[in-house]
Amino acid sequence: MSDKSSKSNESLKAKFENFAGIEKLEGFSLSRLFSDVFKHHPAAEVEGMFTIGTERTTPKIENVDCSWPRPWMFFRALAGSVFVYVLFVVGWECFANVNLLPGLIAVGAFAMPIATLVFFFEVNVRRNVSVYQVMRLVVKGGVISILFSLVLYVLPLEELSGLGASVAGMIEEPGKLFALLVMAKSDRYHYKLNGLLLGAAVGTGFAAFESMGYAFSILLDEGPGAMSGNILLRGFFSPFGHVVWTAICGFALWRVKGKKAFTWNMVEDVKFWHLALVPVVLHAIWNADFELPFLAKYFTLGIVAWSVVLALVQEGLKELREEQRIVMSLPDPNE
């Protein structure tokens, strides 16, 4: 790559970061982020991870580790889900019993989105959101977001009719954000990393229920073989889609909302809509009627989305460090 091209890419990246209001990553290491994935973790540690987030089990801010997290449970969740899915597939291949198909569809649709959601659960280092609250948003938030999006789809939005499938980005992202507002009203969850997690939960529900719908439709039209192929393809790309898009939207809203009750003037804040526009555009391009060799379009969009997420995690960690500094009466490191 020429120096001129490299400088052009750096300039474009800087403009994007400035528009979305995100910072460059500092002190980040991908190898360190995943360094605990293959380490031994006893059963007690696994159980302890899923008992956090209640009033009794939320740690004090002074005891929160605000360094870059090292998630690992998400990989176990993925491996376990894939194992169960394979059992359903083997069962179907051996016995062709139609009673296995609902389980196969459900596990296949939820496997990758749930594993991605566990990653966001681990990244929420404040440890103040319980599994109950997360699953509540997955189920209820997922259904509400789908229904609200369907309402928007039937509205006579003639100015959007020429966008084709790309219109989904402008309808489904607001639909999921609406569900998040409906379901996440507690002022206990006012941290930016909370918004990231709660948004991911709604996105998980939307992604899984949508995939189940597509799988069922293909099963009726084309049979189990085509259905399995669709489940695998959507599952493979789901970490790049709805889960991460809605996580970004959730962070954008929590960035301006914080402990305050939601008001409509918050969506006019550039800190919100500049960042919230990112998943809308990514979703629109994802659905756009063009392809690149080797599915490069989807991989590229996924890299962009996760680059944004990592920058937002960094911002969320800084918020926690600042609260720690105030509570513990520590000097400001920037002074």
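I began with the rule for a salt bridge: a side-chain nitrogen of Lys or Arg within 4 Å of a carboxyl oxygen of Asp or Glu. By this rule I count ten salt bridges. The model I am reading is predicted.

**Entry 1: salt bridges**

I looked up Lys318 first. Its side chain meets that of Glu23 in a salt bridge, at 2.6 Å from N to O. Lys318 sits in helix α12, and Glu23 sits in the loop between α1 (3–20) and α2 (30–33), so the pair ties together parts that are 295 residues apart in sequence. Glu23 has 38% and is partly exposed. I also checked for further partners. Glu23, Glu26 and Lys318 are linked in a network of salt bridges.

Next I took Glu210. Glu210 forms a salt bridge with Arg234, and the closest N and O atoms are 2.9 Å apart. The pair links distant parts of the chain, 24 residues apart. Glu210 is in helix α8 (residues 192–222), and Arg234 is in helix α9 (residues 224–237). I then looked at burial for each partner. The cut-off for buried is under 20% relative accessible area. Glu210 has 17%, so I list Glu210 as buried. Arg234 has 26% relative accessibility, so Arg234 goes down as partly exposed.

Glu315 belongs to helix α12 and Arg255 to helix α10 (residues 242–257). They are 60 residues apart, and the pair links distant parts of the chain. Both Glu315 and Arg255 are buried.

**Entry 2: nonpolar cores**

In soluble globular proteins, nonpolar side chains tend to be buried together. I went looking for the cores here. The largest nonpolar core has 73 residues. Which residues have the most contacts inside it? They are Phe120 and Leu275. Helix α12 (residues 296–327) supplies the largest share of this core, with twelve residues.

I then listed the contacts of Phe120, leaving aside its neighbours within four places in sequence. Leu196, Leu197 and Ala200 are among them.

**Entry 3: a nonpolar patch on the surface**

I turned to the surface. A nonpolar patch there is formed by Phe19, Val270, Trp273, Leu277, Val281, Ile285, Phe290 and Leu292. Together they have about 630 Å² of accessible area. Which helix gives the most to the patch? Helix α11 (residues 270–287) does, with five residues. I looked up Leu292 separately. Leu292 lies in the loop between α11 and α12. Its relative accessibility is 41%, so Leu292 counts as partly exposed.

**Entry 4: Ala79**

Last, I looked up Ala79. Ala79 lies in helix α4 (residues 73–95). With a relative accessible area of 41%, Ala79 is partly exposed. I also checked the distance from Ala79 to Ala111. The two are 32 residues apart in sequence, and 8.8 Å separates them in space, C-alpha to C-alpha.

How values were computed: Residues numbered from 1 in each chain as written. Predicted model: local features only at pLDDT ≥ 70, side-chain atom pairs only at ≥ 80, totals over all residues. Heavy atoms only, no water. Core = buried A, V, L, I, M, F, W, Y, C linked by side-chain atoms within 4.5 Å. Buried < 20%, exposed > 50% of the residue type's maximum accessible area, 1.4 Å probe, protein only. Helix = DSSP H or I, 4+ residues; strand = E, 2+ residues; numbered from the N terminus. Contact = heavy atoms within 4.5 Å. Patch = residues over 30% accessible without salt bridge, like charges linked within 9 Å, V, L, I, M, F, W, Y side chains within 5 Å. Areas by Shrake-Rupley, 256 points an atom, 1.4 Å probe, with all protein chains shown as cover.
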